[in-house]
Amino acid sequence: MTQAPRLTLLDASFYERPVKLRLPFRFGLVTLREAPQVFVRVRVKLADGREAEGISAELLVPKWFDKNPALTNDDNFNQLRHALAIARRHVMALGADTAFGLSSGADAAHRSECDAKGLNGLVASFGLALIERAIIDALGHLEDKPAAELVRGNILGLTAALTPDLAGFDLDKFLAKLKPADAIFARHTVGLVDSLTRADTAGKRLDDGLPESLEEVIEVYGQRYFKLKVGGIVDDDIERLAQIAAVLDRIAEPYAVTLDGNEQYDNIDGILELWRRVAEDKRLARLKIALLLIEQPITRASALVKPVHALGRDVPMEVDESDVDFGVFPRARELGYRGISSKSCKGFYRALLNRARVAKYNTEAGGGFFMSAEDLTTQAGVAVQQDLMLAALIGAKHVERNGHHYVDGMAGAPQAEQDAFLATHGDLYRRAANGRVRLNIQNGAVSLVSIRQAAGLATAAWPDWNAMTISPTVT
């Protein structure tokens, strides 16, 4: 192991850019049509006096981090801005430490203050996650190393400080084996109001050069992995799944699906009934065989209260929204969950340490535990690249990608910024006929070569700060 350098966070600034969706995205109780994207810009300093900047970005998604229906979208945006400001203050107060030490050292105080101010664990995670990713990016530039090398050599200084259940586990040996692939399959999200066939789009087509239905997505991108949203009403969910299966079953090659409940079921009984009905419905025979996992169908208030073995024995279940801190996965395991999701908005280090747990659990139990890579409408540019890098590092073969479908490429970014990302990551993007830079999906997969090679955290291009606004300060 290379000695992890100690660095100090000198400053962190927050910028925003509005993002408008080309198609409405319905998940759970919300239909998303627009939201700000926040960009974090940090400056760090090493003990030898060298300084560098780093960046991260994420969409401020309403009604996912906190689903309280009494909160407006603006309330949700401000919660996330508030968490960023709290995280900045606590990390800057630490002084010099390793990249991981800056996050782990601030974790308890950051979460305590967030909790005192009514910000739940997911909101708190968001604030620290963006700061830590920007610091990782800055360290990569200082060391002139891509993220994979920082991880494999544990130059980040990762320890089991926040995961005592990994005490005695050889983290350095585990990290040294993580090697991103050259490409990863994109798993297409089918939202609750998405059109399934061309016929469904009649009279409301955008005709903007992008697919507008599931049928077109399959034809244009060649995708074979799909994530299907369900809404919590069994009869409705069965009919929706049957309509989706009618499209997917036209694919000659094998396909794979995951189900995302988005906490729409109150308890295990509802999702058990859905699974029973899926097994009985002949229209869903092939889809059932193709099902890889069910992602958090039970509301977070109940998900970690009672065991889920009754369903978990038949189909792998994972937690997502309940993954609020480093202690969740061991608790979920005891209740019968076998997996946990990776989302860069929840934390880069948490994903790596949960992946280490998967390795440990599978050694102890002979297999069966897993991580999936999920999306939160990550946008083309910094956000999608950093999230892809994390998915590749944990060894995911496929990752949910939806930002490219609901948003038209790098919409909202100046043309010069789009051109810069295309020039440095020409394998990941393509230029559309209208000049817009869009994610390049070929045969259902995206290339990871250029982001894997880029110094820092997965990006060799920078956004145009002058084309953004300063994020509103929430204290």
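Helices (H or I, at least four residues) and strands (E, at least two) are DSSP runs, numbered from the N terminus. This is a predicted model: local features need pLDDT of at least 70, side-chain atom pairs count only at pLDDT 80 or more, and totals for chains, interfaces and linings use all residues. Residues are numbered from 1 along each chain as its sequence is written, and side-chain values use heavy atoms, with hydrogens and water left out.

**Glutamate 321**
- Glutamate 321 sits in the loop between strand S8 (317-319) and helix H12 (328-335).
- Its relative accessible area is 0%, so glutamate 321 is buried. Buried means under 20% relative accessible area, exposed over 50%, and partly exposed in between (1.4 Å probe, protein chains only).
- Its side chain makes a polar contact of 3.2 Å with the side chain of lysine 67. A polar contact is a pair of N or O atoms within 3.5 Å; within protein, one must be able to donate a hydrogen and the other to accept it, and residues adjacent in sequence count only if both atoms are side-chain atoms.
- Not counting residues up to four places away in sequence, glutamate 321 touches Trp64, Lys67, Leu122, Asn262, Glu263, Gln296 and Arg300. Contact means heavy atoms within 4.5 Å.

**Glutamate 212**
- Glutamate 212 lies in the loop between strand S4 (183-190) and helix H6 (214-221).
- With a relative accessible area of 5%, glutamate 212 is buried.
- Its side chain joins that of arginine 205 through a polar contact of 3.4 Å.
- A polar atom of the glutamate 212 side chain also lies 2.8 Å from the backbone nitrogen of leucine 206.
- Leaving out residues up to four places away in sequence, glutamate 212 touches residues including Arg22, Ser195 and Thr201.

**Positive phi angles**
- Most residues other than glycine have a negative phi.
- Glutamate 263 has a phi near 65°, a positive value. Glutamate 263 is in the loop between strand S6 (256-260) and helix H8 (268-280), and counts as buried at 8% relative accessibility.
- Threonine 377 has a phi near 50°, also positive. Threonine 377 lies in the loop between S10 and helix H14 (382-393), and is buried at a relative accessible area of 6%.

- S8 and S9 pair in the parallel sense over 2 bridges. Two strands pair if DSSP finds at least two bridges between them.
- Glycine 339 in S9 is the bridge partner of glutamate 318.
- The chain crosses from S8 through H12 to S9 in a right-handed β-α-β crossover. Right-handed means that, with the strands pointing away from the viewer, the path from the first strand over the helix to the second runs clockwise.
- S9 (residues 339-342) runs parallel to S10, joined by 4 bridges. Serine 342 stands opposite alanine 373 in S10.
- S9, helix H13 (residues 348-365) and S10 also make a right-handed β-α-β unit.
- S10 (residues 370-373) is covered on both faces, with Phe370 and Ser372 buried on one side and Met371 and Ala373 on the other.

**Helix H7**
- Helix H7 (residues 234-248) has 15 residues and should span 21 Å; its end C-alpha atoms are 20 Å apart, which agrees. The expected span is 1.5 Å times one less than the number of residues.
- The buried residues of H7 include Val234, Ile238, Leu241 and Leu248.
- Their cover includes S4, H6, strand S5 (225-229), S6, H8 and helix H9 (285-290).
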